Amino acid sequence: ARVFEQMDQSMVIVFSQRKKALGFMDDLKFYLPRRSDRIVFFPGYHIQPFKALNYHKETSTDRLAVLSRILDSGSNPLIIVTALDTVLQKVIPKKALNEFSELVMANEEADRDLLVEKLESGGYVKTSLVEDPGDYSVRGGILDVFSPGQDLPVRIEFFGDLVESIRTFSPYTQRGVKEIFETILIPATEAIVEKKEQPHILARLRQAGNRAGIAASRVREYVNQVREMGRFPGLESMLPIVYETPEPFLDYLDPGTLLLLD
């Protein structure tokens, strides 16, 4: 805590286990009560890579929230606490995250249909009621969406392509809380599957399937799911298929970041 206050630059503290990292965070918040909002935990997935299982939705949205916050930290340094196996996993490329991030402003034009298509490509789930990060719903000219890293979901009201208003609302009562001028939407998972990128993703998927000796029928099943639904369960664990060059987590950090290994 003293080093952080004296140096005033971002720090990454890596522990051998998740449990140790979380315990350290509790101690650190005690010693930095006025800057506890600058302390973040970067969670890892508890499924081995390349298993065809969906990662936990909350973990996905928490990771995206931290990665986005690192990119936007600027002159506001962070203390990022994490575990070794998490640091060793590749993550979504910075360029992909930046290009997906969408600034929506009141009294400005935005194509609602394209925005919904973008949310789908970013792993958002369509629901009747928006309650958790990564949810969205559409009712007429109203788009409700809960972007990772936000405290509350937002209700965007459209008149044609004009954004008439943006309000935060309670996920419990569904009632409006506060009118705001703008909001930023980031992806809900690290696997962004845009239509224009599908041919490249499918080509890498076939190549990976052949190298791994997976039956052609099984690979076709994955291919069909991507074509019909945009993704398949477990795609988040196969970032080298989604992106030509996924990046190490440490590439997100400024060169002056202090790295501490426990």
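The entries below follow the sheet and then the helices.

**Entry 1, ground rules.** I noted that this is a predicted model, in which local features need pLDDT of at least 70 and side-chain atom pairs count only at pLDDT 80 or more, while totals for chains, interfaces and linings use all residues. Residues are numbered from 1 along each chain as its sequence is written, and side-chain values use heavy atoms, with hydrogens and water left out.

I looked up the strand order and found an open sheet of six strands, 6-7-8-9-10-11, with mixed pairing. Strand 6 (125-126) and strand 11 (176-180) are the edge strands, each pairing on one side only. For my own reference, helices (H or I, at least four residues) and strands (E, at least two) are DSSP runs numbered from the N terminus, and two strands pair if DSSP finds at least two bridges between them.

Strand 6 and strand 7 run parallel and are joined by two bridges, with Val125 opposite Asp135 in strand 7. Strand 7 and strand 8 run antiparallel over four bridges, and they form a hairpin with two residues between them, where Gly140 in the turn has a positive phi of about 60 degrees. Six bridges join strand 9 (residues 154-159) to strand 10 (residues 162-169), again antiparallel, and here I found Phe158 opposite Val163 in strand 10.

Strand 10 and strand 11 pair in the antiparallel sense over four bridges, and Arg167 stands opposite Glu179 in strand 11. Their hairpin has six residues between the strands, and Gln174 in it takes a positive phi near 65 degrees. I then asked how many of the five residues of strand 11 are buried. The count is zero, and strand 11 is hardly covered; buried means under 20% relative accessible area, with a 1.4 Å probe and protein chains only.

Helix 7 (residues 198-212) and helix 8 (residues 216-229) pack at an angle of about 165 degrees, with their axes 10 Å apart. That makes helix 7 roughly antiparallel to helix 8, a term for angles over 145 degrees, where angles run from 0 to 180 degrees between N-to-C directions. Among the residues that meet are Leu202 and Leu205 in helix 7, and Val219 and Tyr222 in helix 8, contact being heavy atoms within 4.5 Å.

Conventions: Buried < 20%, exposed > 50% of the residue type's maximum accessible area, 1.4 Å probe, protein only. Parallel < 35°, antiparallel > 145°, perpendicular 65-115°, else oblique.
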